[in-house]
Amino acid sequence: MIEDTGTTENTKGLNGFSNEDIGDDHLFTGLKTPMKATAFSISDTEKKEKIAELFSEIMDVIGLDLTDDSLKGTPKRVAKMYIDEIFSGLNPANKPKAALFDNKYQYNQMLVEKNITFYSNCEHHFVPIMGKAHVAYISSGRVIGLSKLNRIVQYYAKRPQVQERLTNQIAEELKAILNTENVAVIIDAKHLCVSSRGIKDDTSATVTSYFGGKFNSPEKIAELQNTLNY
């Protein structure tokens, strides 16, 4: 009899490693957030009801008393938080509508929106990622409202994420909206899956970047870094 190690399915797409081999290591499988084709086959109301039911089971399994006044409303609160808040970026209906305007000022240098605070969640442990995003672009003839840059960051942050994917998703969205390759995104974040569990390192941070078009040169990168350090 051949022993079934249970790794055949687990190692597909994992470069020959199992989930156990990877453990806490960072895994980034692609640009798109992994989602089922049936992700929106039920309404948000139905999703909340199901999540509340399942979260009640989790609380019960770990030994919490769901009749306690402090805990009885928790399953519904968690369900509402998941759908309406911290994972609202999964729903394309919540994607910000970005209006463009003619660059009447003829401003042709880089525009930088820095220190955009965001909160996301690690898709490996479902604990927070907290940090700041810096985005920049050079107009191709059209400009975007400043608040929309923040909203684009928030939209992609509000889903289970990997920081590398988050960086690239923001960059690709800006390139598509602004019709230019001249886009840069830098993210500096702390991961609670690193600081509050596992290795328990509370001092380290993770920095990821995307430099497209004119930003992909030593001179422009240096100019951007100098601007961020003001």
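Glu123 is partly exposed, at 21% relative accessibility. Its salt-bridge partner, Arg165, is buried, at 0%. The N-to-O distance between the two side chains is 2.6 Å. The model is a predicted one. The count of salt bridges comes to 9.

- Arg165 and Glu123 meet through their side chains, 2.6 Å from N to O.
- The burial classes follow from the cut-off: buried means under 20% relative accessible area. Arg165 has 0%, so it counts as buried. Glu123 has 21%, so it counts as partly exposed.
- Arg142 and Asp102 form another salt bridge, 2.7 Å from N to O. Arg142 lies in strand β4 (residues 142–144) and Asp102 in strand β1 (residues 100–102), so this pair ties together parts 40 residues apart in sequence.
- Arg142 is partly exposed, at 35% relative accessibility. Asp102 is partly exposed as well, at 46%.

- Lys80 pairs with Asp84, and their closest N and O atoms are 3.8 Å apart. The two residues are 4 apart in helix α3, which means a separation of about one helical turn.
- Lys80 is partly exposed, with a relative accessible area of 45%. Asp84 is partly exposed, at 34%.
- A network of salt bridges links Lys48, Lys80 and Asp84.

**Helix packing**

- α2 and α3 pack at an angle of about 135°, and their axes are 8 Å apart. α2 is therefore oblique to α3. The crossing of α2 past α3 is right-handed.
- Helix α4 (residues 146–157) packs with helix α5 (residues 163–178) at about 135°, their axes being 10 Å apart. α4 and α5 are therefore oblique to each other. α4 passes α5 in a right-handed crossing.

**Nonpolar surface patch**

- Ile58, Val61, Ile62 and Leu64 make a nonpolar surface patch of about 400 Å².
- Leu64 is placed in the loop between α2 (44–61) and α3 (74–86). Leu64 counts as partly exposed because its relative accessibility is 36%.

Key
Residues are numbered from 1 along each chain as its sequence is written. This is a predicted model: local features need pLDDT of at least 70, side-chain atom pairs count only at pLDDT 80 or more; totals for chains, interfaces and linings use all residues. Side-chain values use heavy atoms; hydrogens and water are left out. Patches are made of residues with over 30% relative accessible area and no salt bridge: like charges are joined within 9 Å, nonpolar side chains (Val, Leu, Ile, Met, Phe, Trp, Tyr) within 5 Å. Accessible areas come from the Shrake-Rupley method with a 1.4 Å probe; for residues, only the protein chains shown count as cover. A salt bridge is a side-chain nitrogen of Lys or Arg within 4 Å of a carboxyl oxygen of Asp or Glu. Buried means under 20% relative accessible area, exposed over 50%, partly exposed in between (1.4 Å probe, protein chains only). Axes are lines fitted to C-alpha atoms, for helices over the stretch in contact, and angles run from 0 to 180 degrees between N-to-C directions. Angles under 35 degrees count as roughly parallel, over 145 as roughly antiparallel, 65 to 115 as roughly perpendicular and the rest as oblique. A crossing is left-handed if the near helix is turned anticlockwise from the far one by less than a right angle, and right-handed if clockwise.
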